[in-house]
Amino acid sequence: VNLVGPGGASPAGSWTLQNTLNVTTLNHDAGAFNLNGKPVNAKFFNVRTASTRDLNLTGSTITITDGAWDMQTTANLTFSAGTSEIVINGSSSSNFIGNDRTYHNVRFTTGASLSSALTGQNSFNVFRVDPGLTLSMEAGKTQTINTLIANGNCNNTLTIQSTAAGTRAKFFKASGSATANFIHLKDNEAT
């Protein structure tokens, strides 16, 4: 699905979901897109042009399976995460290309094992990493979180590591504590 304006360029139209949207690839290239609290299930959700766009996720759950949430180009983008949740899951590789935005809840999960990359310097209300995950965070970038949930178990641990050996990826939490269990950390810093 490609969301673009008349003739494929700006000025663009607007779209408001009325039901669940199940697609392989969703490209939000121009115009206003309101998920309207409806679920979106996709392999790829791409925001990659510099056209004027408005993306409202409020109240929706966006599930990416073995693909990517890709906010590659955020110039001319008005973005509202609202009370949304973005779920990155699968059984091979699923990535979160955040591009320095503020998100509500983001969860990395799998039924078995999953390798994921997290890029950008983002902010999260709740950041959750489930057992079986290997999460590679962009080296030198800071992820600001209100709540961290990172719990493996004795049968299925999780790993959080930097994308570059010897260069730290960082978590920042303004107050309170964060607890993690059965987790492997490599080249990380938390403040």
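## Pairing of strand 8

In this predicted model, strand 8 runs parallel to strand 10 (residues 85-89), and five bridges join the two. Within this pairing, T63 stands opposite V87 in strand 10.

Strand 8 also runs parallel to strand 6 (residues 40-46), to which six bridges join it. Here A42 is the residue opposite I64 of strand 8. A further parallel pairing links strand 8 with strand 11 (residues 95-97) through three bridges; in this case A68 faces N95 of strand 11 as its opposite residue.

## Burial of strand 8

Strand 8 comprises residues 61-70 and is mostly covered. Of its 10 residues, seven are buried, that is, they have under 20% relative accessible area.

## The largest pocket

The volume of the largest pocket is about 220 Å³. Its lining consists of 17 residues. Those that lie nearest the centre of the pocket are I145, L148, F171, A178 and A190.

Which strands each supply at least two residues of this lining? They are strand 16 (142-151), strand 18 (169-172), strand 20 (183-186) and strand 21 (188-190).

By residue class, the lining of the largest pocket contains 11 nonpolar residues, four polar residues and two charged residues.

How values were computed:
Residues are numbered from 1 along each chain as its sequence is written. This is a predicted model: local features need pLDDT of at least 70, side-chain atom pairs count only at pLDDT 80 or more; totals for chains, interfaces and linings use all residues. Side-chain values use heavy atoms; hydrogens and water are left out. On a 1 Å grid over the protein atoms alone, a cavity is a set of points where a 1.4 Å probe fits but cannot get out, and a pocket is an open set with protein on both sides within 12 Å along at least five of seven lines; lining residues have an atom within 4 Å of a point. Grid points are joined across faces, edges and corners, and a volume is the space filled by probe spheres set on the points. Helices (H or I, at least four residues) and strands (E, at least two) are DSSP runs, numbered from the N terminus. Ala, Val, Leu, Ile, Met, Phe, Trp, Tyr, Cys and Pro count as nonpolar, Asp, Glu, Lys and Arg as charged, and the others, Gly among them, as polar. Buried means under 20% relative accessible area, exposed over 50%, partly exposed in between (1.4 Å probe, protein chains only). Two strands pair if DSSP finds at least two bridges between them.
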